[in-house]
Amino acid sequence: MNSVDLIKTIEEFGCRPEHVSDHDAVRQINTQAFGGASEALLVDRLRGCPGSISLVATVADAVVGHILFTAATVVGKDTRVAGLGPMAVDPLRQRRGIGSAMVLRGLDECRRAGYGAVVVVGHAEYYPRFGFRRGSSFGLRCQFDVPDEVFMATELRPGVLSSGGELQYDPAFSQT
Ligand SMILES: CC(C)(COP(=O)(O)OP(=O)(O)OC[C@H]1O[C@@H](n2cnc3c(N)ncnc32)[C@H](O)[C@@H]1OP(=O)(O)O)[C@@H](O)C(=O)NCCC(=O)NCCS
């Protein structure tokens, strides 16, 4: 039994697409998990972007986690790439496999939606367990000035990132 299955036997949780009625709970979880309102405001700005995928984790119908994917581009290429983030889990329920379940379900949804790869700017120790590795190892550069180890990518179709390039997130990321 892996850790996700183990915790599911202790407290059953699910993962589903976000509904409009979840927005307040998602705002609250992002604010609590990140210790401020910036990511909650970013999610409010991004969730309507074309190609976005927004999922929530639930326990007994209560929202306990959220993950967002938005469409990104590799400049000059037609590769369809999704950007993961922000993602957050209720601080009272972290380290129980909920974040992992949301990432894995999200990667499946991205594959189903036709994305060939997913990128993330995030914790360098967290995302490699899902197959992410440094973007630079694919020859990818992030539009944002971030340390090499926090910009990561994974191919959903082998080889789609092989020619590298500059990764640009949805312009809504840069609005203030
Ligand atoms: C990161 C986050 C979404 C993970 O959710 P979760 O439900 O706790 O994750 P899981 O239970 O699936 O996985 C737990 C693992 O994540 C690791 N982890 C959690 N936060 C981490 C962090 N900041 N850096 C590195 N690893 C982290 C834990 O060490 C644990 O590792 P282990 O299984 O080897 O012990 C959650 O901790 C969170 O909401 N953090 C605050 C917001 C945030 O940082 N979001 C991500 C931005 S990139």
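What covers the buried residues of H3? Among what covers them are helix H2 (23-34), strand S3 (62-74) and strand S4 (80-89). The model shown in these views is a predicted one, in which local features need pLDDT of at least 70 and side-chain atom pairs count only at pLDDT 80 or more, while totals for chains, interfaces and linings use all residues. Residues are numbered from 1 along each chain as its sequence is written.

**View A. The buried face of helix H3.** In H3 (residues 38-46), the residues Glu39, Ala40, Val43 and Leu46 are buried, where buried stands for 20 or more other C-beta atoms within 10 Å of a residue's own, exposed for 12 or fewer, and partly exposed for values in between, with C-beta atoms placed from the backbone. Because these buried residues fall within an arc of 130° when seen down the axis of H3, they line one face of the helix; the arc is that of the directions from the helix axis to the C-beta atoms. Helices (H or I, at least four residues) and strands (E, at least two) are DSSP runs, numbered from the N terminus.

**View B. The packing of H2 against H3.** The two helices pack at an angle of about 145°, with their axes 7 Å apart; axes are lines fitted to C-alpha atoms, for helices over the stretch in contact, and angles run from 0 to 180 degrees between N-to-C directions. From H2, Val26, Arg27, Asn30, Thr31 and Phe34 meet Ser38, Glu39, Ala40 and Val43 of H3, a contact being a pair of residues whose C-beta atoms, placed from the backbone, lie within 7 Å. The residues of this contact divide into four nonpolar, three polar and two charged, with Ala, Val, Leu, Ile, Met, Phe, Trp, Tyr, Cys and Pro counted as nonpolar, Asp, Glu, Lys and Arg as charged, and the others, Gly among them, as polar.

**View C. The shell around the ligand.** The ligand is surrounded by 17 residues, of which the closest are Gln94, Gly99, Ser100, Gly122 and His123; a residue is near a molecule if its C-beta atom, placed from the backbone, lies within 6 Å of it. The elements that give two or more residues to this shell are H2, S4 and helix H4 (98-112), and S4 gives the most, with four residues. By class, the shell divides into seven nonpolar, seven polar and three charged residues. Gly99 lies in H4 and counts as buried, with 21 C-beta neighbours inside 10 Å. Leaving aside neighbours within four places in sequence, Gly99 is in contact with Gly65, Met87 and Val89.

**View D. Val119 in the largest nonpolar core.** This core has 48 residues, of which Val81, Val118, Val119 and Ala153 touch the most other members, and S3 gives the most to this core, with seven residues. A nonpolar core is a set of buried Ala, Val, Leu, Ile, Met, Phe, Trp, Tyr and Cys residues joined through C-beta atoms within 7 Å. Not counting residues up to four places away in sequence, Val119 touches Ala72, Val81, Gly83, Gly135, Met152, Ala153 and Leu167.

View E. Gly85 and Pro86 are joined by a cis peptide bond with omega of about 0°, and Pro86 is found in S4. Ala60, in the loop between strand S2 (53-59) and S3, has a positive phi of about 50° although it is not a glycine. Asp61 is placed in the loop between S2 and S3, and its phi, near 75°, is likewise a positive value in a residue other than glycine.

Conventions:
Two residues are in contact if their C-beta atoms, placed from the backbone, lie within 7 Å.
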